[in-house]
Amino acid sequence: MKLYAHPFSSYCQKVLIALYENDTPFELRMLAPDDEKASAELEVLWPLKRMPVVVDEGRAVIETSVIVEYLGLYHPGSVALVPEDPRAALDIRMMDRFFDNYIMTPMQKLVFDSIRAAEDRDRQGVGEARGMLDTAYRWLDDTMAGREWAAGDAFSLADCAGAPSLFYADWVHPIGEAFSNVRAYRRRLLARPSFARAVEDARPYRSLFPLGAPDRD
Ligand SMILES: N[C@@H](CCC(=O)N[C@@H](CS)C(=O)NCC(=O)O)C(=O)O
């Protein structure tokens with residue numbers, strides 16, 4: 001199985017966590033920013049050129065939530081990241097969608113806006129993204145009260161999405177002290193060996209972070 005990815009990318013980390021949870025063997029096809037050959041390979045697999053993409057037995061699998069579910073079906077290990085019970089799975093998918101749509105998306109907006117030329121910056125969009133993060137942090141803080149993981153009793157797909165989204169969101173729009181449940185959850189995620197490993201994989205690339213990586217985590 002081949003994973004087209006870059007270790008510093010938040011969505012790639014979501015899948016790396018799932019792979020590391022089960023020690024699933026894979027070959028990394030590194031998508032370095034200046035590697036045109038790798039980028040052309042990605043474009044053939046997925047013309048929208050979003051990473052990561054998994055290629056398994058000649059089949060390209062796209063979209064991280066689907067990739068994590070695919071791994072559970074075709075390369076299962078001892079850690080089931082989506083439970084078999086469809087009702088329990090629904091709670092997990094709901095939180096996975098929350099993290100991707102309302103934490104990852106506004107976080108990416110802030111990052112991508114910062115690399116635009118000054119005259120092309122989208123002030124209104126950035127303000128809306130910050131507002132969305134504030135509301136999402138507040139909702140998540142209430143939701144995480146009394147919870148260890150994002151949904152259900154065990155680490156799941158939802159936490160694979162929660163880890164990199166909150167990791168980078170806190171860098172671009174700090175999670176205030178008032179949101180103690182979110183901050184504690186982020187610390188638990190950082191202590192999870194699979195995510196700790198993904199963070200270490202990515203550490204050498206911190207200088208690439210357009211807004212400047214903080215000296216922590
Ligand atoms: N919905 C996609 C999002 C993937 C995504 O946005 N990946 C980013 C990297 S974190 C990317 O490829 N960005 C390149 C670009 O926007 O051109 C998924 O879950 O796989």
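**Pockets and sheet**

Modeller: Helix 4 makes the biggest contribution to the lining of the largest pocket, with 8 residues. Helices (H or I, at least four residues) and strands (E, at least two) are DSSP runs, numbered from the N terminus. This is a predicted model, where local features need pLDDT of at least 70, side-chain atom pairs count only at pLDDT 80 or more, and totals for chains, interfaces and linings use all residues. Residues are numbered from 1 along each chain as its sequence is written, and side-chain values use heavy atoms, with hydrogens and water left out.

Colleague: What volume does the largest pocket have?

Modeller: A pocket is found on a 1 Å grid over the protein atoms alone, as an open set of points where a 1.4 Å probe fits, with protein on both sides within 12 Å along at least five of seven lines; lining residues have an atom within 4 Å of a point. Grid points are joined across faces, edges and corners, and a volume is the space filled by probe spheres set on the points. For the largest pocket it is about 1100 Å³.

Colleague: Which residues that line the largest pocket are the closest to its centre?

Modeller: The lining has 34 residues. They divide into 18 nonpolar, 8 polar and 8 charged. Here Ala, Val, Leu, Ile, Met, Phe, Trp, Tyr, Cys and Pro count as nonpolar, Asp, Glu, Lys and Arg as charged, and the others, Gly among them, as polar. The closest to the centre are Ser9, Ser10, Met51, Gln108 and Phe112.

Colleague: Which helix gives the largest share of the lining of the second largest pocket?

Modeller: This pocket holds about 300 Å³ of space. Its lining has 10 nonpolar, 5 polar and 3 charged residues. The largest share, 5 residues, is from helix 3.

Colleague: In which sense do strand 1 and strand 3 pair, parallel or antiparallel?

Modeller: Strand 1 (residues 2–5) pairs with strand 2 (residues 27–30) in the parallel sense over 4 bridges. With strand 3 (residues 53–56), strand 1 forms 3 bridges. Leu3 stands opposite Val54 there.

Conventions. Pairing = 2+ DSSP bridges.
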